[in-house]
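My notes follow in the order I checked them.

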Amino acid sequence: MNPDVLMENKNPYIPVKCRIVEWKRESPDNFTITLDLRLKHEPGQFVQVSIPGIGECPISICSYSEEHLKLNIREVGNMTSAMAKLRKGDSLFVRGPYGNGYKMGQFRNNNLIIIGGGCGVAPLKGVIEYVERHRDDYKDVHLFLGYRSPDNILFKEELAEWRKKYHLTVTIDENVHGEFCYNAKTGFITDALKNSSIDNGNKVVFICGPPIMMNYVIQVLKEKGFNDDQIFISAERLMYCAFGACCHCMIRGKFTCIDGPVFRYDEVKEYEND
Ligand SMILES: Cc1cc2nc3c(=O)[nH]c(=O)nc-3n(C[C@H](O)[C@H](O)[C@H](O)COP(=O)(O)OP(=O)(O)OC[C@H]3O[C@@H](n4cnc5c(N)ncnc54)[C@H](O)[C@@H]3O)c2cc1C
């Protein structure tokens, strides 16, 4: 099957009813749902998910498949808590896809460095699945994934597979259980990055995570000689419409919903440091 023939959503402004075919807990406050939706999209794009009578919120696509669409969600408020109560067979509504994702075609023949923190690993999982399907197009792939504690590690099953295929480093800020855990190193992701042998030769870097983590990661990359235009970040802002009308996600002339959420770092670094 050709992964490039995913179904085109005829009208991305109209919510489509989807059924949950799998609901999986990843960590105490995080879960992944699989929807019976075949949607043509780029890795890094997002959808607007809604439940009538509850609300709507943007969620990144965390898969790359012609069979289904996966979303990884952290429970923080009304919508995400309502989604946590749904189970296999229940329905919700999805519109999209929206935004600018990772233009994977432009990065062919490059080495990829993929750096995720916490829930920020979710959109990058879509990139990893894309690379798996187009493996010959990319050279070395390094994954640096950081979590707060062993309990917060996401995609535990996938980690074992990724370790076989890529250069994988997992870190946990604190090993609260004091045990060997998913081959994770204790410490911040920035320490692992500093201690690694990566250099800036023919590489592009994708980063998604909390703003403070992204800022420190970029600092380390700069120390290692990376240029701003080698670095791509996924930004998250409060947004409602997702198509550039409500202006909630707009910062200094850029819409996170249509110009982003994936930006080349030199395009946004002024306001990212605000
Ligand atoms: C492009 C994009 C992709 C996203 N992808 C994911 C994802 O893959 N998984 C996931 O769990 N979440 C993701 N989010 C965040 C998610 O959309 C919000 O957490 C969402 O609003 C939660 O809805 P809620 O009704 O549960 O919470 P609410 O009750 O609406 O909000 C809970 C609290 O979070 C604040 N808040 C809401 N959204 C944001 C935001 N974007 N930035 C800062 N504060 C905010 C609210 O003001 C409130 O204080 C994404 C956001 C964006 C913009």
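Entry 1, ring pairs. I take two rings of Phe, Tyr or Trp (its six-membered ring) as a pair if their centres lie within 6.5 Å; planes under 30 degrees apart count as stacked, over 60 as edge-to-face and the rest as tilted. The model is predicted. I find 9 aromatic pairs in the structure.

I looked up Tyr 102 and Phe 206 and noted a tilted pair, with 4.5 Å between the centres and 40 degrees between the planes. Tyr 102 is in the loop between strand E6 (91-98) and strand E7 (111-117), and Phe 206 is in strand E11 (residues 203-208), so I have the pair down as a link between distant parts of the chain, 104 residues apart. I checked burial too, and both Tyr 102 and Phe 206 are buried.

Next I took Phe 107 and Phe 232. Their ring centres are 4.9 Å apart and their planes stand at 65 degrees, which is over 60, so I list this pair as edge-to-face. Phe 107 sits in the loop between E6 and E7, whereas Phe 232 belongs to strand E12 (residues 231-234); the pair therefore ties together parts 125 residues apart in sequence. I count Phe 107 as buried because its relative accessibility, 4%, is under 20%. Phe 232, with a relative accessible area of 11%, is buried as well.

Which residues do ring pairs link into a cluster? I wrote down Tyr 102, Phe 107, Phe 206 and Phe 232.

I found Arg 87 over the face of Trp 23, 3.8 Å from the ring centre. I also noted Lys 125, whose charged end sits over the ring of Phe 155 at 5.4 Å from its centre.

I count 17 residues around the ligand, and the closest are Pro 58, Asn 72, Arg 74, Met 79 and Thr 80. Then I looked at contacts to ligand oxygen atoms. For Met 79, a backbone N or O atom is 2.8 Å from an oxygen atom of the ligand, and for Gly 77 a backbone N or O atom is at 3.2 Å from a ligand oxygen atom.

Taken alone, the ligand exposes 880 Å², and I note that the protein buries 69% of that. Strand E4 (55-60), strand E5 (69-74) and helix H1 (78-85) are the elements that give two or more residues to the shell. E4 supplies the largest share, 4 residues. I sorted the shell residues into 9 nonpolar, 5 polar and 3 charged.

Key. Residues are numbered from 1 along each chain as its sequence is written. This is a predicted model: local features need pLDDT of at least 70, side-chain atom pairs count only at pLDDT 80 or more; totals for chains, interfaces and linings use all residues. Side-chain values use heavy atoms; hydrogens and water are left out. Buried means under 20% relative accessible area, exposed over 50%, partly exposed in between (1.4 Å probe, protein chains only). A charge sits over a ring if NZ of Lys or CZ of Arg is within 6 Å of the ring centre and within 35 degrees of the ring normal. A residue is near a molecule or strand if one of its heavy atoms lies within 4 Å of it. A polar contact is a pair of N or O atoms within 3.5 Å; within protein, one must be able to donate a hydrogen and the other to accept it, and residues adjacent in sequence count only if both atoms are side-chain atoms. Accessible areas come from the Shrake-Rupley method with a 1.4 Å probe; for residues, only the protein chains shown count as cover. Ala, Val, Leu, Ile, Met, Phe, Trp, Tyr, Cys and Pro count as nonpolar, Asp, Glu, Lys and Arg as charged, and the others, Gly among them, as polar.
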